[in-house]
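Me: Could you take a close look at the nonpolar core of this model for me, and at the helices and aromatic rings around that topic? I'd like the cut-offs spelled out as you go.

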Amino acid sequence: MAQTALLGKWFHRWLHPWRGIDWLLLLFPVGITLFSSLLIASTRLYTGETDLAWNHVIMCVVGVVMCMWIARSRYESLLEWRWVIYLITNVSLVAVMLVGTVGNGAQSWLSIGGFNIQPSEFAKIGIIITLAATLKDRESTTLVGLIKALAITGVPWALIFLQPDLGTSLVLGAIVLGMLYWSNMNPGWLVILVSPLVAAIIFTLSIPVWIGWVVLAGVIAWMTLPLRWYSTLITVVVNSIAGKIGELLWGLLQDYQRDRLTLFLNPEQDPLGGGYHLIQSRIAIGSGQLWGRGLFHGTQTQLSFIPEQHTDFIFSALGEELGFMGALVMVLVFWFICLRLIIIAQHAKDNFGSLLAIGVLSMIVFQVVVNIGMTIGLAPITGIPLPWMSYGRSSLLTNFIGIGIVESVANFHHRLKF
């Protein structure tokens, strides 16, 4: 009995630094990662590159260690390092443009010690930390605070977009919008903020709808912005010329990026080119039916019909081999992770911690929705990975670092309960 009591005290003392963390929030991402290593192995059996699955497991271990180390550290210390983190983020992105290596049409990687590191992935965490520190005060909800937040995020966003890495730049946009909304920013301002993008998209689709959107943006500006006449005029003018700006930005994209954005509407128009990925992905998911063909028994997956299936299209392997039920369970697991993030954000002891949790939530939600959407033909193919499932060292570590930061927010507050 004495030995048992001593062992219990030692175990309790060892776990003391993590006494307040949300264990379910940690266990579910670890479970997803380990399970996805089996899917990665299945996608590479035909080529014999099953070592990628082991690499995924190894990076999971590294990610968990980093997550646990961050979770036992006080997240408030990030306030002192926010500008250092912001500087490192931007310097690394500039370094990519100068000495980075090219892959899949984008110059996004740095080769360090034989490993390829993607700074744009870690930039997501850098933006979350910097923006949370900027928006934590009440003054941040003013128009000046909005401009300051956009100016801070604009630099790394532009550097990522110019690589060009459209997928990650979209993720940063989702993070910013999610955190601005959670900081009690005027919702009308957020609508006006994204209105030029919407106007640029619908300009080529329907002129009457575009005119209606411009009028709506002007009405929102009149109702929410100061200096009504000037604000409304500027909003209407910006949205009016957004169509031409959209054409200009469209011209800056590479051919493969334009194909990714449009071919999801009709992939059959280029079945052997840009539409090939989506066609094969839909075939794989559809062939899985209700219960799937069985792990390591998917024909599309085993015969490598889907290029790079272990990365952006890993969900198609899940759909084929475990069917609709397996895909549904995975979606529910992601939903549960997001639920835990929201609970932690609601119970955080300060605005900084709450915004950190919402930043990570926005990052994960956007990536899950867009990635799954693009594999089934409901969203453009933008190269956005599926968190913890898609193979990729930088992406996997980024997600675990994000969870570690949120765990720190939970750890230094009351233990959460349903």
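Reply: Happy to! The largest nonpolar core has 86 residues, and those with the most contacts inside it are L341, L356, I364, W388 and M389. Such a core is a set of buried Ala, Val, Leu, Ile, Met, Phe, Trp, Tyr and Cys residues joined through side-chain atoms within 4.5 Å. Helix α15, residues 314-347, supplies the largest share of this core, 13 residues. Apart from this core lies another, of 8 residues, with F264, A284, A379 and I381 among them.

A word on the source: this is a predicted model, in which local features need pLDDT of at least 70 and side-chain atom pairs count only at pLDDT 80 or more, while totals for chains, interfaces and linings use all residues. Residues are numbered from 1 along each chain as its sequence is written, and side-chain values use heavy atoms, with hydrogens and water left out.

Helices here are DSSP runs of H or I with at least four residues, numbered from the N terminus. Back in the 86-residue core, I364 touches C338, L341, P387, W388 and I403, not counting residues up to four places away in sequence; contact means heavy atoms within 4.5 Å.

Helix α15 also holds S316, which counts as buried because its relative accessibility is 0%. The cut-offs are under 20% relative accessible area for buried, over 50% for exposed and partly exposed in between, with a 1.4 Å probe and protein chains only. The side chain of S316 makes a polar contact with that of Q309 at 3.0 Å. A polar contact is a pair of N or O atoms within 3.5 Å; within protein, one must be able to donate a hydrogen and the other to accept it, and residues adjacent in sequence count only if both atoms are side-chain atoms. Leaving aside neighbours within four places in sequence, S316 is in contact with S281, A284, I285, I306 and Q309.

Now for the rings: the structure holds 7 aromatic pairs. F28 and F336 form a tilted one, 4.9 Å centre to centre with 45 degrees between the planes. F28 lies in helix α2 and F336 in helix α15, so this pair ties together parts 308 residues apart in sequence. Rings of Phe, Tyr and Trp (its six-membered ring) pair if their centres lie within 6.5 Å; planes under 30 degrees apart count as stacked, over 60 as edge-to-face and the rest as tilted. F28 is partly exposed at 28%, whereas F336 is buried at 16%. Finally, F334, W388 and F400 form one aromatic cluster.

Definitions and conventions
Helix = DSSP H or I, 4+ residues; strand = E, 2+ residues; numbered from the N terminus.
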